[in-house]
Amino acid sequence: MSDTSPTDGADEVAEPTEHAAEPDLVHGIAASWSHGQRVVHPSRAELVALVKTMHDDGYMMCLDLCGADYLDHPGRTLPEGIAPERFEVVVTLISHREASRVRLRVQVPESDPVVPSLFGVHPGTDAMEREVFDMFGIVFEGHPDLTRILMPEDWVGHPLRKDYDSGRIPVQFKGAPSR
Amino acid sequence: MTTTDHLHQTEDPSLTSEGRQGLASSDVNDAIARLIEKGAVLRLAEADVADETPVEVADEESMIINMGPQHPSTHGVLRIMLELRGETVLRSKPIIGYLHTGMEWTGEELSYLQGCTNVTRMDYASPLFSELAFSLTVEKLLDIEVPDRAIWIRMLMTEMNRISSHLLFMATNGMDLGAVSMMLYGWREREETLRFLEKVTGLRMNHNYIRPGGVAADLPDGWRDDVLRLMDMIPPRLDEYDTLLTGQPIWRERLQGVGVIDTETCMALGTTGPILRSTGYAWDLRRDMPYLAYDQVEFDVVVGTFGDCFDRYAIRLQEIRESIRIVHQILDRMPKGDYRIQDKKVTPPPRGRIDESMEALIHHFKIFTEGFKVPEGEAYCAVESPRGELGCYIVSDGSSHPYRMHIRGPSFVNLQTLPHLMHGALIADAVAIISSVDPILGEVDR
Amino acid sequence: MATEGGFLDKGLEGLEHNFLTGTLEELVKWARARSVMPATFGLACCAIEMMAAGGPHYDLARYGMEVFRASPRQADLMIVAGRVSQKMAPVLRQIYDQMMEPKWVISMGVCASSGGMFNNYAIVQGVDQIVPVDVYAPGCPPGPQTLMHAILTLHAQIRAGELTRRPGEGAGLVIEQRDGQTATGVRIGRQSPAALGTA
């Protein structure tokens, strides 16, 4: 590659140009490409098995586990066969041998926001799952200690949901009494 | 002779000077099993502690005490519940959230151009890295390429920020361990670095300088002399630190063998940065997944051997020297050109043109009030901050505000190693261990 | 003001009265202004600038203030440096309560003064909701020079004795901020410390 083209810290892999004929699958699960990054879309039931398989493949570190609430989103592109739900749990794994990351996007319905925990495969997801629980209310089955981590323990509500009130104080400077 | 010669790494991250230390999958599985069962983590609900509900302790001799959140050595508002038997820490639990600012929520309210003002305040010791991760992700979503000069300016500024962050570590680490004069020395050097950063960015901290599209302003005239002056001043001072600290028996006794962690535990916990490198595993995003122009500069990745606090201290000290080396190369090779992309959709016009042209005024107005729109999609980009892998995940919905912005803070994940580092250590070592993990609570709590 | 050519510039010679005939109160105020001991309450980015103010370039030691007392019982100045989150607010109040009178509070930075750029569910919009503040230092973060200006202003206020005549709690605005879900109420007007429950 030319030595003046900037690289940017993402795992640029050659994106295959022929998508039409076969479905894009990774370990039998629908996958896609997003700006040169590999994305796999397991269901909740397939998640732990997929992460274990990828762990044996070399994706030995779980970098990040976060949530997203797609309530107000106009429309996202998902591969065929993946039904969009309100919440997504996004897991980023990294393989040091191949120097590449892969992202797993799990759809989580609003009516039943329960996802199996990855604590048994990657104990480092301990704090990350607690944060997703705190901010979105998604319950991780099998997590040893699913309590709030960022908000006070008796807080009501899940702040990063789109239907959570902002808590913004109306600021008015003119009416405030002076000393 | 630099001490890193024998530590120079080749392609395989598990290859060290002691031979191949391949990380077999079963080793990591053992570590995972150990982590799940052994329980150095104290599973204790804060509500129980507040209510003084009797909690289950290891044996009759143990007690649970609370350290922080207001404490001189907790590096910010970190609270740790320690289960002690005498002076020995059995299990512990870091409790965070005392600095939770709702920055990910704020990221959804601000436009992409304003987003850097928000993320810069997460890791406030090395703010330019957060800005860089955010900007790289936005640029990936926009599918734009930044000019060469902007890339090299970004490299220069982030390496200067790495130097100032590691000097802050030196200062606070020294002070936590009792070498109070180290606090003054570290700040002395850091102030000089901040002086340069202020000259370029306008602010000493929380610069909002690296923005999507490039950087906010070009380097000022005379920047080469300033950088050279700094690069000449710092190395002898680093030798002073070696005299004061590295060879001193007290320093060594306090840090060597304290807070030991192994590679498999780090891999299982998602740890990156100097903690992972202290175990002998050479993984540095700048070399292994290069971004900006790091594949065009030469530097060594510094690793330790024993995974203890002394290794982490030595790694950071040596990383300052490596950053100086990189800065010298940047000085020689800084290209000419634009400091930001000239794409009208993303970049505001030059300030001088606003007076002359109505189109420029409207363009400026629209970019700064409404913001530029980013096509729908999602992306994750990461950089190697002084604490580890700092990543930014953005979901966009086609509007001018991020739909979801998440920062993968390295300190948030690295803090999970704390119970394992402190297991079996003394209380006095707890301070040394927290200091060696070098958490910045801003990015832990966001 | 008392600082014009007063003791802060001229030391003992600047005392309004002869040292032997000076009132005891003047002496006490002079001594208090000279020996303020700050408590460590660095929370976020402002804490770094506070440490920088204690560093060699901006030396707080010239005021005798470079030693930050760890225990609030030994301190008389609390510099709230950084953003105060909902979880931290009770801790802040507890530390403030542990300090012995006379005690002062400098609210350093915009986040501590008013919530700063974070007007949301997580940040208390100004520590004067929780503790009475004597000096506000704006900036994000305020540089060490701004902090020192705040400290000198505090010294002047101590010396002038204004602080014994503290009029009320902060700006007189009390904002009920619970979980961000109920409508936030704003009460304007001076309340007695007892009514606020923060005395």
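The legends below describe close-up views of a predicted model.

**View 1. The side of chain A that touches chain B.** The contact draws on 42 residues of chain A and 60 residues of chain B. On the chain A side, the elements that contribute two or more residues are β1 (7-8), β5 (61-69), β6 (87-95) and α2 (125-136). With six residues, β5(A) gives the most to this side. Sorted by class, the chain A side has 19 nonpolar, 13 polar and ten charged residues.

**View 2. The largest nonpolar core.** This core has 228 residues. Met78(C), Val80(C), Ile106(C) and Met108(C) are the residues with the most contacts inside the core. Helix α6 of chain B, residues 148-176, supplies the largest share of the core, 14 residues.

**View 3. The surroundings of Val80(C).** Val80(C) is among the residues with the most contacts inside the largest nonpolar core. Which residues is Val80(C) in contact with, leaving aside its neighbours within four places in sequence? They are Phe41(C), Leu92(C), Val105(C), Ser107(C), Met108(C), Ala112(C) and Val127(C). One of these, Met108(C), is also listed among the residues with the most contacts inside the core.

**View 4. Chain B.** Chain B contains 19 helices and eleven strands. Chain B has 446 residues, and 59% of them count as buried. Among contacts in chain B with a separation of 6 or more, 70% are between residues 24 or more positions apart. Chain B also gives 60 residues to the contact with chain A shown in View 1.

Methods. Residues are numbered from 1 along each chain as its sequence is written. Chains are lettered from A and ligands numbered from 1 in the order in which they are written. This is a predicted model: local features need pLDDT of at least 70, side-chain atom pairs count only at pLDDT 80 or more; totals for chains, interfaces and linings use all residues. Two residues are in contact if their C-beta atoms, placed from the backbone, lie within 7 Å. Helices (H or I, at least four residues) and strands (E, at least two) are DSSP runs, numbered from the N terminus. Ala, Val, Leu, Ile, Met, Phe, Trp, Tyr, Cys and Pro count as nonpolar, Asp, Glu, Lys and Arg as charged, and the others, Gly among them, as polar. A nonpolar core is a set of buried Ala, Val, Leu, Ile, Met, Phe, Trp, Tyr and Cys residues joined through C-beta atoms within 7 Å. A residue is buried if 20 or more other C-beta atoms lie within 10 Å of its own, exposed if 12 or fewer, and partly exposed in between; C-beta atoms are placed from the backbone.
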